[in-house]
Amino acid sequence: MGAFKGSELLSALLITVSPPTRMSSSLFGNPLLQFAELDSTNKTAAELLARGEARHGTAIVAHAQRHGVGQRGRTWTMAPALDLALSIVTEPHGLRADAQFALSKAAALAVHDTVRDHVSGDVRIKWPNDVLVGRHKVAGILIRNELSGDRVAASIIGIGLNVNNTDLDPALVATSLALETGRALDRMAVLHELLERFGQWWRRWEATGDAALEAYAERLWMRNRWAAMELDGALVQARAMDVDSLGRLIVEVEGGTVAAYGLDRLRFAPR
Ligand code: BTN
C-alpha cells in the first residue's frame, strides 16, 4: 500500500490508496484512503494526522462506520456500502482561530452544491452545517479543528451524506439522494464530486477571503422566516438573518431584539 505506514490494524482494513499525483487538479482526496470499515473516519484522520501520516489534501473514506460521531456527542449512523462517510484533512495556514467558521462554510457549501446537482427539491443549509432537502436532513458535518496558539494548525472535516439508503428511520426526519431522485447513484462518483466541490470553494476562499463564502448566508434554511428556536433553553420565535464572522447566527427575536448567538445558546427547536 505504498507510503501508508499506519498501524497494523488500520493497514489490515485499508482497501485502496489512490496516491497523490501532481497531475491531479483535485486539492482534496489526494491521496484518498479507502477503508472497508472503521470506528470513525474523523477518529482515524486524527490518528493519522498525529502520526504525520495525513496532510493537507488527504481524504479518508469508510464503507462502514462502527461508531460514527455526530454533533453534540450524538451517534451518526450510515448504511454500510450505501452512504458516504468521509473526513478531509486540511492545514489552513495562518487561519486565525476566531475565523475558523470559514471552514464550516466551505464544507457546507460543497455539500450543498453536490446535493443540489442531483436533487430538484429545495436544498438548504441548516445552521451551522446540516444540509436539508425540504425539511429532511440529507447530510451532516462534524469539524474538529486543532489549534496552535491563536491559529488553526489543522482541521478534520467529517461529512456524512445519505446517498443510497432508502430505509431511514422516520423519527430522524432524514432523506437520501436515492429517495429524492428515485434511483440509486454511483456513490464513488458522488464522493469525487464532493471533493472537487470542496476544492473549488477552498480555492475561491484562498483567492478572495471570506467574501468568497457569502453564498453560505444566501443558502440558509429559514432565512428571514420565523421559526421556533431554543434560546438559553427557552422556546422563542426568531428569524435568522445572517451569520457573523465567528459563525454565530444573527437573529431577530420576537419582540425586536437583534443579536448574534452561538450554538452554546441558540439552536433550532427539535422537530
Ligand atoms: C451531524 O451530527 O450532523 C454530523 C454528522 C457527521 C458524520 C460524519 S460521518 C464521517 C465523519 N466521521 C464521523 O465519525 N463523523 C463524521
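## Helix α2

Just after α2 (41–50), G52 takes a positive phi of about 75°. The structure is a predicted model, in which local features need pLDDT of at least 70 and side-chain atom pairs count only at pLDDT 80 or more, while totals for chains, interfaces and linings use all residues. Residues are numbered from 1 along each chain as its sequence is written, and side-chain values use heavy atoms, with hydrogens and water left out. Helices (H or I, at least four residues) and strands (E, at least two) are DSSP runs, numbered from the N terminus.

Helix α2 is mostly covered, with seven of its 10 residues buried (under 20% relative accessible area, with a 1.4 Å probe and protein chains only). The buried residues are T41, N42, T44, A45, A46, L48 and L49. At the start of α2, a side-chain oxygen of S40 comes to within 3.2 Å of the backbone nitrogen of N42.

Strands β1 and β2 (residues 32–35) run antiparallel and are joined by four bridges. Within this pair, L14 stands opposite F35 in β2.

## The five-stranded sheet

Five strands form an open sheet in the order β12-β11-β10-β9-β13, with antiparallel pairing. Because β12 (257–261) and β13 (266–268) stand at the edges with a single partner strand each, one side of each is left without a neighbour in the sheet. Neighbouring strands here are turned by 50° against each other on average, direction ignored.

Six bridges connect β9 (residues 226–231) with β10 (residues 234–243), and the two strands run antiparallel. A227 stands opposite A238 in β10.

## H63

Residue H63 is placed in the loop between β3 (59–62) and β4. H63 counts as buried because its relative accessibility is 13%. The side chain of H63 makes a polar contact with the side chain of R187 at 2.9 Å. Such a contact is a pair of N or O atoms within 3.5 Å; within protein, one must be able to donate a hydrogen and the other to accept it, and residues adjacent in sequence count only if both atoms are side-chain atoms.

## Pockets

The largest pocket has a volume of about 930 Å³. A pocket is an open set of points on a 1 Å grid over the protein atoms alone, with protein on both sides within 12 Å along at least five of seven lines, and lining residues have an atom within 4 Å of a point. Its volume is the space filled by probe spheres set on the points, which are joined across faces, edges and corners. Of the 39 lining residues, Q71, R74, W76, D130 and K137 lie nearest the centre of the largest pocket. Elements giving two or more residues to this lining are α2, β4 (84–90), β7 (136–148), β8 (151–161) and β13; β7 gives the most, with four residues.

The second largest pocket holds about 420 Å³ of space. Its lining comprises 21 residues, of which Q100, F101, S104, P128 and L263 lie nearest its centre. Strand β7 gives the most to the lining of the second largest pocket, with four residues.

Definitions and conventions. Two strands pair if DSSP finds at least two bridges between them. Axes are lines fitted to C-alpha atoms, for helices over the stretch in contact, and angles run from 0 to 180 degrees between N-to-C directions. On a 1 Å grid over the protein atoms alone, a cavity is a set of points where a 1.4 Å probe fits but cannot get out, and a pocket is an open set with protein on both sides within 12 Å along at least five of seven lines; lining residues have an atom within 4 Å of a point. Buried means under 20% relative accessible area, exposed over 50%, partly exposed in between (1.4 Å probe, protein chains only).
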